[in-house]
Every structure is written in structure tokens, then in C-alpha cells.
Amino acid sequence: DVYKRQTNRLPMKPYLPDVMYNQTVRGDIKRVDISLPIDTDVGGERATSVDYEVDIRARYATGVLEKTEVGRELYVMSNNRLFVLAFQGKPETMPLFEKVVDSVSFPDGPCSL
């Protein structure tokens with residue numbers, strides 16, 4: 001089992017509160033809806049995923065732009081390094097991000113510095 005191969009493995013959960021997506025309404029962001037975190041895996045490692053949706057209203061010299069965007073952040077610990085994979089954009093482009101996530105792998109062996 002890949003989860004048992006590493007010794008002296010740092011747990012991810014203690015670090016999540018410091019990095020997990022927690023945007024609040026302010027400035028151009030008019031609404032934020034954040035899902036509860038779910039456990040998943042990325043590249044054979046345990047991961048946590050958070051989905052969100054934001055309404056944005058931005059005023060530019062050329063006019064006002066109003067849009068709704070979706071996002072996802074995935075947090076994964078490998079070789080005692082915390083990786084964050086993130087997407088924010090149009091809902092129809094989320095499948096492209098999912099393909100990128102599916103392509104992630106973490107080779108065996110120690111990390112180089």
C-alpha cells in the first residue's frame with residue numbers, strides 16, 4: 001500500500017487550516033459558497049478536496065463585469081511536502097482541470113532539496 005511505504009510521514013490534517021480555501025465576501029466578490037471538505041486521493045496519495053462557487057462584480061474603466069465562477073482546491077501530502085492543486089473559472093472548463101489532476105503522480109524515493 002502506497003500510504004504505508006513512507007516512514008516518518010507527516011500527517012496532512014494539522015496543516016489544512018492554514019492553507020484551506022476560506023474566502024469571504026469582500027471587494028469584487030459578492031457571494032461565496034464553499035462545500036465541506038471531502039477525502040479523496042491524488043496520484044496515489046490521500047488528499048482533501050474543497051469545491052466553491054463565487055459571484056464576482058468588478059468595475060472596470062470599460063464597464064461592469066458580473067460573473068459566477070466555480071473552483072476546486074485539492075490538498076495532498078507527498079514526501080512530507082504539501083501540494084495544492086487549484087482551479088477557478090468557468091464551470092465548463094472544470095473537466096480540463098480534472099484531467100490535469102488525474103495526470104499527477106508522485107514518484108517513489110526521497111525528495112531532493
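The legends below describe close-up views of a predicted model. Local features need pLDDT of at least 70 and side-chain atom pairs count only at pLDDT 80 or more, while totals for chains, interfaces and linings use all residues. Residues are numbered from 1 along each chain as its sequence is written, and side-chain values use heavy atoms, with hydrogens and water left out.

**View A. The largest nonpolar core.** A nonpolar core is a set of buried Ala, Val, Leu, Ile, Met, Phe, Trp, Tyr and Cys residues joined through side-chain atoms within 4.5 Å; buried means under 20% relative accessible area, exposed over 50%, and partly exposed in between (1.4 Å probe, protein chains only). The largest such core has 12 residues, among them Met12, Tyr21, Ile29, Tyr52 and Met77. Strand 1 (29-34), strand 3 (45-60) and strand 4 (63-78) each give two or more residues to this core, and strand 3 supplies the largest share, 4 residues. Strands (E, at least two residues) are DSSP runs, numbered from the N terminus. A second, separate core of 11 residues includes Val42, Val76, Phe87 and Met94.

**View B. The pairing of strand 4 and strand 5.** Strand 4 pairs with strand 5 (residues 81-89) in the antiparallel sense over 9 bridges; pairing requires at least two DSSP bridges between two strands. Val70 stands opposite Gly89 in strand 5. The hairpin has 2 residues between these strands, and Asn79 takes a positive phi near 50°.

**View C. The surroundings of Arg72.** Arg72 lies in strand 4 and counts as buried because its relative accessibility is 16%. The side chains of Arg72 and Asp51 are joined by a polar contact of 2.5 Å (a pair of N or O atoms within 3.5 Å; within protein, one must be able to donate a hydrogen and the other to accept it, and residues adjacent in sequence count only if both atoms are side-chain atoms).
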